[in-house]
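Morning, everyone. I'll take a pocket to begin with, then the aromatic rings. Please have the model open.

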Amino acid sequence: MKFKIPNNKTSLCISLASIPGNTGALLHNSAYKIHQLNYIYIPIKCNDHRKAYSILKNLNFKGCSLSMPLKQKLVDKLDGLDFISRKTKSVNTVLKKNNKLYGYNTDYYALERVLKKNKLNKIKSKILILGNGGVAKTSFEVIKDLKFRNIYLSSRRLNKYNKWKINKNIKIIEWKNREKIIVNTLINATPIGMNGATKEKTPISNEFVKKIDTIIDFTISKNKNLLNKNSKKLGKNYISGKILSFYQGIRQFNIYTNKKVNEKKLSKILKIDRLIK
């Protein structure tokens, strides 16, 4: 580019989160640079859904990434939703077009891609999803859509599952009993393990990690969290939040710019190319 960014023609993209990180900014700004796009991405701290909605309505932006606790609270405020967002009742991506707000769920795309890549057995796999928020609900819908037979749900507030469509293949487990069941795949859709999010360091004990083959952890930490470290020590198939963030981020990039990102170049810049092979 011959001009400096930002300038008066720069398209603004943002993220709104209670604990904003730099992962999304690094991904998007690197992708803009690779494709020589006049865009910039800036993370903003916001944990109040009313303030977040005011920002969405009044700020001149192209795209916005939503994090906890905004993913579910803003669904009904948007002008349009894609099919997945309507199904999951959760939005992590907002596109502003002609002053209208359109919601998407790229967490769904990320988990679906990870599960297909890992080729888990849909009949034999026993999957435990921890959490009851937007990411947990999205994970639940992905698992159902991919026709996995054995699904377990556990969180501290079981009443949250009352609005979920539960069938006979799905079992709800009390939080205190989450390690008493036999599963081979875990999806951690809680904030436990994320820097500064909770006092707890890990959602499950090291003893329970020993019994699991595959662990999918949505949390992102500056350093490896305890669940990551324990899983690696025991030789488990651990899929980190960085991988999930990468896949959902490249889908966001496509929504914001209407272009397909060069995944190979981007993964090398972000230094996760070894993780996603």
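**A pocket and some rings**

Helix H5 (106-118), helix H8 (226-233), strand S12 (237-239) and helix H9 (241-257) each give at least two residues to the lining of the second largest pocket. Keep in mind that this is a predicted model. H9 supplies the largest share of that lining, four residues.

The volume of this second largest pocket is about 450 Å³. Its lining counts 27 residues. Nearest the centre lie Asn228, Tyr238, Ser240, Ile243 and Leu275. What classes make up the lining of the second largest pocket? There are 10 nonpolar, nine polar and eight charged residues.

Now the rings. The whole structure holds five aromatic pairs. Take Tyr32 and Tyr39. Their ring centres are 5.1 Å apart and their planes meet at 35 degrees, so this pair is tilted. Tyr32 and Tyr39 are both buried. Next, Tyr161 and Trp164. This pair is edge-to-face, with 4.8 Å from centre to centre and 75 degrees between the planes.

Are Tyr161 and Trp164 buried or exposed? Tyr161 has 2% relative accessibility, so Tyr161 is buried. Trp164 has 8%, so Trp164 is buried as well.

Last, charges over rings. Lys137 lies over the face of Trp164, 5.9 Å from the ring centre. At Trp175, the charged end of Arg178 sits over the ring, 4.0 Å from the centre.

How values were computed:
Residues numbered from 1 in each chain as written. Predicted model: local features only at pLDDT ≥ 70, side-chain atom pairs only at ≥ 80, totals over all residues. Heavy atoms only, no water. Phe/Tyr/Trp six-rings, centres within 6.5 Å; stacked < 30°, edge-to-face > 60°. Buried < 20%, exposed > 50% of the residue type's maximum accessible area, 1.4 Å probe, protein only. Lys NZ or Arg CZ within 6 Å of the ring centre and 35° of its normal. 1 Å grid on protein atoms, 1.4 Å probe; cavity = no way out; pocket = protein on both sides within 12 Å on 5 of 7 lines; lining within 4 Å. Points joined across faces, edges and corners; volume = space filled by probe spheres on them. Nonpolar A, V, L, I, M, F, W, Y, C, P; charged D, E, K, R; others polar.
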